[in-house]
Amino acid sequence: MSPVLKRTLRYFLPYWWLLLLSALFSLVVGAMDGAFAYLVEPVLQRIFAGKDTTIFLLVPMGIVILFLVRGVSRYIYDATIKLAGQKAIQDIRNDFFRLTTRQDMSFYNRQATGDLMSRMTNDISTMQEGMGQVVTGLFRDLISLAALLGVIFYRNWQLATISFIVFPLTIYPAQLIGKKIKNAARRSLDVMGGLGTTIQETFSGIKVIKAFGLEQQISERFEQENHNFLQQFKRYIKYSSLATPVTEMIVSLGVAAVIYVGGSQVMAGRMTPAELFSFIAAMIMLFTPVKKLQSSYNVMQRSAGAAERVFQTMDAQRSIVDKPDAVELARVSGRVEFQEVGFRYGDEPVLQGVNLAVAPGQMVALVGPSGSGKSTMAALLMRFYDVDQGAILLDGHDLRDISLVSLNRQFALVDQETTLFNDTIANNIRYGRPDASDAEVEAAARAAFADDFIQQLPEGYATNIGDRGARLSGGQRQRLCIARALIKDAPILILDEATSALDTESEKMVQQALENLMRNRTTFVIAHRLSTVQNADLIVVLEQGNILEIGSHADLVAGSGLYSRLHALQFSDQPEPVAA
Ligand SMILES: Nc1ncnc2c1ncn2[C@@H]1O[C@H](COP(=O)(O)OP(=O)(O)OP(=O)(O)O)[C@@H](O)[C@H]1O
Ligand SMILES: [Mg+2]
């Protein structure tokens with residue numbers, strides 16, 4: 001058994017009792033099938049003998065009862081096995097979600113969101129389809145097969161042997177086809193992942209698509225990918241449709257042999273016609289489970305193709321994990337040190353030899369041109385990535401020695417991208433601290449100067465803000481993000497362009513609120529507008545991943561470095577950055 005299949009089946013283990021129940025009742029169904037085939041002989045015998053008239057009453061009654069028992073049993077085994085399948089799939093889906101959400105940031109840089117979504121939905125449904133059918137069919141068909149084989153061997157073991165010889169002949173082509181099906185399924189799901197990426201990007205970037213009039217272009221790209229999908233899927237159609245005819249042709253050899261040998265036995269008087277009928281009935285009935293087993297096998301192969309992709313994602317190696325003896329940090333005082341930090345995302349170095357010491361409660365501003373590495377420094381501080389050289393220390397502990405959960409508690413982030421969720425305003429703020437009370441939520445909103453606009457919304461704090469906060473303005477979104485960070489009440493605050501979308505007046509107000517909050521907290525502020533960072537204890541000027549200068553506003557303005565040049569630019573020819 002392939003490892004993928006084994007791993008899939010392991011998800012069924014907790015539901016063994018459902019499987020057992022199902023197996024028991026499928027035994028009954030199989031037995032009924034066998035009984036039916038067996039009864040053909042005595043019934044025909046008596047009809048042909050033409051004396052026993054009670055048979056006309058008993059046989060129809062017998063058939064009804066037989067199928068009643070069979071029907072009830074079938075219902076039970078079907079329902080229980082499907083339930084077990086759904087439960088197993090539910091566990092797989094949960095594991096997939098839990099494992100992927102815990103993946104490193106670098107995993108998400110590599111992996112397209114749409115492709116992940118496609119794995120989570122399409123691949124897992126394909127797995128589910130397979131598992132449902134396979135486990136459902138496997139018991140029943142194997143048991144029917146055994147019962148029917150019993151009948152044919154009992155009736156005439158010589159004939160049975162002849163017909164039995166053909167079955168092994170079907171195995172090799174079946175395996176070959178199964179392999180092709182698995183590969184076809186894998187490839188078509190790969191293409192489906194690309195399709196998912198296009199869909200996801202289109203709908204989340206619909207504004208840009210519309211603004212640039214790209215509807216036609218994106219539709220063509222979609223149609224092309226959709227076409228590719230069908231091309232790949234055609235291979236699946238080809239092989240799965242080929243499977244049954246091939247088996248049937250091979251099996252027909254057996255039937256032909258049986259009719260030849262059986263017919264001559266009847267003529268020679270070594271077998272009654274009724275016996276031959278019963279034998280042939282059993283053989284024809286045997287067709288069904290054999291065919292079904294074959295198609296189960298094919299569906300299983302398809303499912304294995306999907307499962308490979310699913311498990312591959314689940315098994316992606318994480319590099320950012322707790323050390324076995326990781327330190328559990330209580331609330332830190334907020335001393336941060338970058339020691340000779342070097343970092344690269346790919347081959348290009350992004351930070352080099354960065355040294356920085358921040359005392360608890362200090363406000364540090366990171367300034368510098370776009371792409372100079374400011375957000376990267378913040379990401380490293382939160383250990384979204386591990387540094388390639390040097391170390392970052394928090395209260396004297398190397399970040400890599402601290403347990404991830406306790407590290408996470410130390411930071412509140414307002415990111416450059418204002419990420420909000422399709423939920424109410426109150427709940428969006430509460431993402432900062434899930435157990436916050438309504439009063440605390442409102443206090444945070446007031447501190448972020450968001451309370452005013454929230455009150456004006458039709459449903460206030462209960463207003464749903466739409467997908468990614470689409471129903472809010474940029475500045476409103478930013479204020480909600482600030483409120484969300486404030487409510488977390490973490491000892492270190494990271495504000496990455498946190499007030500860039502606000503007008504000067506609101507910015508000043510939010511700035512004031514933030515300044516109150518910055519007290520007793522170490523704060524990292526990233527800003528392009530230098531007016532926002534003048535009060536910083538420490539201004540760090542970055543360029544191309546190197547620290548050019550460090551000092552207070554007064555120190556740096558007095559010098560002749562990048563900061564004083566930027567400062568001169570920002571404050572000379574524009575009186576007040578009203579239209580910033
Ligand atoms: N996820 C990533 N994968 C690969 N390269 C990245 C990634 N994020 C940033 N970079 C690269 O790292 C460099 C620094 O990026 P960073 O986001 O830290 O800049 P920044 O100083 O925050 O700029 P901005 O002011 O525009 O926000 C850039 O050259 C960028 O191309
Ligand atoms: Mg940035």
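Strand β1 (residues 336-344) pairs with strand β4 (residues 389-394) in the antiparallel sense, over five bridges; strands here are DSSP runs of E with at least two residues, helices are runs of H or I with at least four, and both are numbered from the N terminus. Pairing takes at least two bridges found by DSSP between the strands. The model is a predicted one, where local features need pLDDT of at least 70, side-chain atom pairs count only at pLDDT 80 or more, and totals for chains, interfaces and linings use all residues. Residues are numbered from 1 along each chain as its sequence is written, while chains are lettered from A and ligands numbered from 1 in the order in which they are written.

β1 also runs antiparallel to strand β2 (residues 349-358), with six bridges joining them, and a hairpin of four residues links the two. V336 has bridge partners on both sides: V358 in β2 and L394 in β4.

Turning to the helices, the axes of α1 (residues 3-10) and α9 (residues 273-314) come within 9 Å and cross at roughly 80° (axes are lines fitted to C-alpha atoms, over the stretch in contact for helices, with angles from 0 to 180 degrees between N-to-C directions). α1 and α9 are therefore roughly perpendicular, a label for angles of 65 to 115 degrees; under 35 counts as roughly parallel, over 145 as roughly antiparallel, and the rest as oblique. V4, L5, R7 and T8 of α1 meet A304, A307, E308 and F311 of α9, contact being C-beta atoms, placed from the backbone, within 7 Å.

How values were computed. Contact = placed C-beta atoms within 7 Å.
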